[in-house]
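Please read it with the structure open.

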Amino acid sequence: MTEKVNILVVDDLPDKLLAFRVVLDELDQNLVMVNSGAEALKELLEREFAVVLLDVNMPDIDGIETAELIRQHNKTKHTPIIFVTAYADEMQTARGYQLGAVDYILSPIVPEILRSKVRVFVELYRAQKRAQSLGRAEAERTLAQETMRRSDFLAYASRELGATLDLEAGAQKLLEVSVPRIADAAFLCLAFEGEQLLLSCSAENEAPLTRGVPSLHALPQPLREAIDQAGGEGGELDVPLWADMERFQEWPEGLRSVRVLPVKTGDRVFGVLLLASRRPVPAWSGADQAMISEVVGRAGIALENARLYWSLKREIAKTREAEEKLLEQSRRKDEFLAMLSHELRNPLAPIRNAVELLRRIAPADTRLTWARDVVDRQVTHMAQLVDELLDVSRITQGKITLKKEALELEKVLAHAIETARPLMDARSQTFSVRMPEAPVWMQGDFARLAQVVANLLNNAAKYTQEGGHIALEASASNGEALVIVRDNGMGIDRELLPRVFELFSQGERSLDRALGGLGVGLTVVQRLVELHNGRVEVASEGAGKGAEFRIVLPCVSEVPHAEPAKSAAVSRTSVEERKRVLVVDDNADAAESIAVLLRMEGHEVKTVGDAQQALECCQVFAPGAVVLDIGLPGMNGYELARQLRRMPASKNALFIALTGYGQKEDRAAAESAGFHHHFIKPADPRAIYAVISANLRTEASRSA
Amino acid sequence: MKLPARATARVYRILVIEDNLDQVHTLALLLKEMGHSVDYAINGYVALDVARRFKPDYVLLDLGLPGVTGFEICAQIRQDPELQSAKIIATTAYTQPEYQARAKTVGFDGYLTKPLDPKALYELFGDTKDVHVR
């Protein structure tokens, strides 16, 4: 029974000391635990230790300082130190090695690694002690040198092997570490994920030479058998080489023995290292054997890390490649759609011209007229489908820009209803509408929002049986407008429900396809709503149970009073503001005729039909000029002008009155209500434009 | 891009430049039927010569032409002092805003998407015979 050796563990944390004790107890050696550098020094001076495990991160004197102090004493100058650290970087800087650390262990510790590392030093220490007990000073000195050499070598090997995450570089390092220090030639075979890496190295030349090896079959038969055996069982074995044995590759002459070592992590063998020597078996002392096993064990861990990293990188590369391929395919599909819809437009053009020609020049004949109308309708329909296709390709490519303006939801809905009504009528469906109680204003693209609602209404009409019911409801609360399109039609299957907004998804495609369509409508709806910072949801109880689509859009529901800070900014930029003109007239045609001219001159013009709408609209629109019909229903123009002039958003506006009387009293009333100009209906739009332009110029020269 | 303001019902000289023969023939015939004076060119090489000879009030110009593109022809017409009064309208299947913007830059007065809506033609040129009932 050999005597127990001393192992010193230095760590300031009691928990960690306990962990070390649990792990190292298995070695059955004498463990000495201290919790500071000072105590460690005291212990070291009192007795001899095989190895010191030193925590780098301690209060008062830290691990590095402690190591420096240990090195200053003659007695402890050569005591092996293993640093325990949470950061490999601290050691990679080589400062630890300069201080004579033989190794480091990463915290949290891996029990297996810790034990194997400590075990090596216990072996080395014992060998040293045995030599000492022979009482030969010479041997002692040699042994001490040997111990130092081994310690240095282990430190060097650890550093080299841990320095790379590249598998091939790591394998080469292992050979470079081995030759010529522990072998005259080396050969490494690694197998991973169906691939083999074979490397060979010999000390024949000054510098170790590493070469690729074509195949394991190039090895002599006894070696191949030994490799199979080591690879399978995971144990080490020695193979003698005979002179007449077939020479292997570039290995030097005179090799007499080969040690075959499995490269493994845990129980998994993933490679074999051959170390060839000119000496006969057994070539290495016990201490050397322990050191070599240790080096190969560390190489196993380093190479396993590199392998994991390599396969992770390969996995990432594969995933990225697949993603890029998908993106590329999707891009080409989008391009194809754009090209297709463009190419389809070209043949439609002459057909449409020809139909129009027929209409003009063909003799009156009912059958001819009917046939021409068929062509006309179908070409028109075809052109719509092509537009839809083009639309979806542009929207999915994100190539669409919204023309945002302040708009009223009810007008959007009315426009959409107008578009969808013919289909509902043709299918004898009943239709109910509930508009919001108060006007709802929002920022958006009128045509696109109308398209969204019209698409949903058309869909509802298409997928609801003849005579069914469709409802449109709109409301607003908490800054959100809600538009619901509901039907009692064929509904949506549960499986399809999550996918209805995806491109080209449709309900079961029936052979007759009486309703037609490309399956792109809902995709367009979703993308357009999202472009408006809104969202769209769908609900259906299942097939045959109808469907409900809900669109939520940000809006200005409760009209806020503009903050005082803003009004200062308004007056400064008033020249810009004047370009927005609000026309209030209950006669829509009259309002529009003024609006058309002002728009042609570059103004942004809104028309509304009553005082309530005007008040709501002004908060958002902040007009620079207001053209007001005095004879409005409900609140009259004078009263409206007074209220508008009290609102921050419109108080600096130019006010223009339109009256149907033109008497002195009206003119006076207009002036007292704050109107700047007064016109008698029917007013010449050019005259109105002229006063707005003149006002603009005055503003410009004043601010210049 | 906005179309030029609607013209009154008078006889215009309209030049159609377009490489699709069916399209160029039907469009020319339709415009003649509306009472206008029409000539046409079917590629980019002859377009400028025909324009110089014909002196059109309006040019309906396809963008994708073999030889010289519509953009180039438009620029050439714009440089000719004799053709300064001609209004040039792009007629194309391309609807991309990029094309519309480029058309505006090189000096087009309007932009019509194929297939042309007869209504747009009536709005542009008027109908001297006034037979359209839409």
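**Notes on the two-chain model**

1. The second largest pocket holds about 660 Å³ of space. A pocket here is an open set of points on a 1 Å grid over the protein atoms alone, where a 1.4 Å probe fits, with protein on both sides within 12 Å along at least five of seven lines. Points are joined across faces, edges and corners, and the volume is the space filled by probe spheres set on them. Lining residues have an atom within 4 Å of a point. There are 25 of them, and Glu112(A), Ser116(A), Ser293(A), Glu294(A) and Gly297(A) are closest to the centre.

2. Which elements give two or more residues to this lining? They are helix H6 (111-133), strand S10 (257-265) and helix H10 (286-361) of chain A. H6(A) gives the most, with 8 residues. Helices (H or I, at least four residues) and strands (E, at least two) are DSSP runs, numbered from the N terminus.

3. On provenance: this is a predicted model, in which local features need pLDDT of at least 70 and side-chain atom pairs pLDDT 80 or more, while totals for chains, interfaces and linings use all residues. Residues are numbered from 1 along each chain as written, chains are lettered from A and ligands numbered from 1 in the order written, and side-chain values use heavy atoms, without hydrogens and water.

4. Now the interface. Chain B brings 29 residues to the contact and chain A brings 20 (heavy atoms within 4.5 Å). About 2100 Å² is buried between the chains, 55% of it from carbon and sulfur atoms. Buried area is the accessible area (1.4 Å probe) that two parts lose on being put together, summed over both. Leu30(B), Ala93(B) and Pro115(B) supply 24% of what chain B buries against chain A, more than any other three residues.

5. Check Pro115(B) in the backbone too. The peptide bond from Lys114(B) to Pro115(B) is cis, with omega near -5°. Pro115(B) sits in the loop between strand S5 (110-113) and helix H5 (118-125) of chain B.

6. Asp28(A) also deserves a look. Its phi is positive, about 60°, although Asp28(A) is not a glycine. The residue lies in the loop between helix H1 (14-24) and strand S2 (30-34) of chain A. Most residues other than glycine have a negative phi, and most peptide bonds are trans.
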